[in-house]
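Good morning, and thank you for coming. I would ask you to look at the structure on the screen while I take you through a few of its parts.

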Amino acid sequence: MEKQVIWHSKGQGFDVVLIHGWSMNGAVWTSLVEALSLHYCVHWCDLPGYGDNRECRVSDLAQMRAQLLLGAPDHAVWLGWSLGGLLATDVALNASERVDALITVSSSPKFVADAQWLGIQPDVLNQFQRHLIEDFSLTIERFMAMQAMGSPTARQDIKAVKKSVLSRPTPDFSALVRDLEWLCTLDFRARLSEIDVPFLRLYGRLDALVPYKMVDVLNKQLTQSVSHIFPHASHAPFISHPDEFNDVLSTWLHEICCGLKASGNVLVK
């Protein structure tokens, strides 16, 4: 029988699911779990192919979605960071009955830039694909450095990310290749208007991977959503600016969960 994703949970209250990004694992959420679990029931996992779920195999987006939904709560607020934002968006688009609200952090419906879209230059991701084959460890280290690029606390941020990632088994190589391909090819822009749940988008102004200038473009398209830019943060604002991040997130979650409870759209806890 195929291995299933191992989930972890902490706290009580409304359910909040956390989905990590490429080359990372669930340990990256340690400080956020501590903060959120004071008021919510927080659920997190290592994605298939990563950390404790290194032996869990999925080959396409539908299988990834099915694996995540298998162990996730029936109703929850889904929060995804970077690639995790794409995966959480995919769940919201294809299993909307399971998602009470959506939060994306330093994420984009399309990560690769083109003539009409701001994003990562294609040659940068192509280099990552080549270097991943040539030098696995160095490529992961370079990607970690890119996440903190431009942040005034870059050195501390990189150290924190490394400590989290290295606390668990290294990712399976095929999972890294699979997910890097998704970063290169997925494009949810045309379907974003289908998201009809509360939607919060969080960004770092100094992010080298998700340019903040594209936020205004999405604001005009996604009038049903709310966005916030952390002025001094890069790609991982929950690590570099935890207090500011938690204040913004907690305020929004409180308002949304009070609204869901009053409307009876989810189980009252």
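This is a predicted model: local features need pLDDT of at least 70, side-chain atom pairs count only at pLDDT 80 or more; totals for chains, interfaces and linings use all residues.

In general, the strands of a sheet pair through backbone hydrogen bonds, either parallel or antiparallel. Here we have an open sheet of 7 strands with mixed pairing. Reading across, the order is E1-E3-E2-E4-E5-E6-E7. At the edges are strand E1, residues 7-10, and strand E7, residues 225-230, each of which pairs on one side only. On average, neighbouring strands of this sheet are turned by 20° against each other, direction ignored.

Strand E2, residues 15-19, runs parallel to strand E3, residues 41-45, and the two are joined over 4 bridges. Which residue of E3 is the bridge partner of Val17? That partner is His43.

A helix also packs on this sheet: helix H3, residues 83-94, touches E2, strand E4 (76-81) and strand E5 (99-105). The direction of H3 makes about 145° with that of E4.

I turn now to the pair of helices. The axes of helix H5, residues 136-148, and H6 come within 9 Å and cross at roughly 135°. An angle over 145 degrees would count as roughly antiparallel, so H5 is described as oblique to H6. The crossing of H5 with H6 is right-handed. On the H5 side, the contact is made by Glu141, Met144, Ala145 and Ala148. From H6 come Ala154, Asp157, Ile158, Val161, Lys162 and Val165. By type, the residues of this contact are 7 nonpolar, no polar and 3 charged.

Let us stay with Val161, which is placed in helix H6, residues 154-165. Is Val161 buried or exposed? Its relative accessible area is 4%, and the limit for buried is under 20%, so Val161 is buried. Leaving aside neighbours within four places in sequence, Val161 is in contact with Met24, Met144 and Ile239. The C-alpha atoms of Val161 and Asn25 are separated by 9.9 Å, although these residues are 136 residues apart along the chain.

The second residue is Asn246, in helix H10, residues 242-263. Asn246 has 17% relative accessibility and therefore also counts as buried. Leaving aside neighbours within four places in sequence, Asn246 is in contact with Leu32 and Ala35.

That concludes my presentation, and I thank you for your attention.

Note on methods: Residues are numbered from 1 along each chain as its sequence is written. Side-chain values use heavy atoms; hydrogens and water are left out. Two strands pair if DSSP finds at least two bridges between them. Axes are lines fitted to C-alpha atoms, for helices over the stretch in contact, and angles run from 0 to 180 degrees between N-to-C directions. Contact means heavy atoms within 4.5 Å. Buried means under 20% relative accessible area, exposed over 50%, partly exposed in between (1.4 Å probe, protein chains only). Angles under 35 degrees count as roughly parallel, over 145 as roughly antiparallel, 65 to 115 as roughly perpendicular and the rest as oblique. A crossing is left-handed if the near helix is turned anticlockwise from the far one by less than a right angle, and right-handed if clockwise. Ala, Val, Leu, Ile, Met, Phe, Trp, Tyr, Cys and Pro count as nonpolar, Asp, Glu, Lys and Arg as charged, and the others, Gly among them, as polar.
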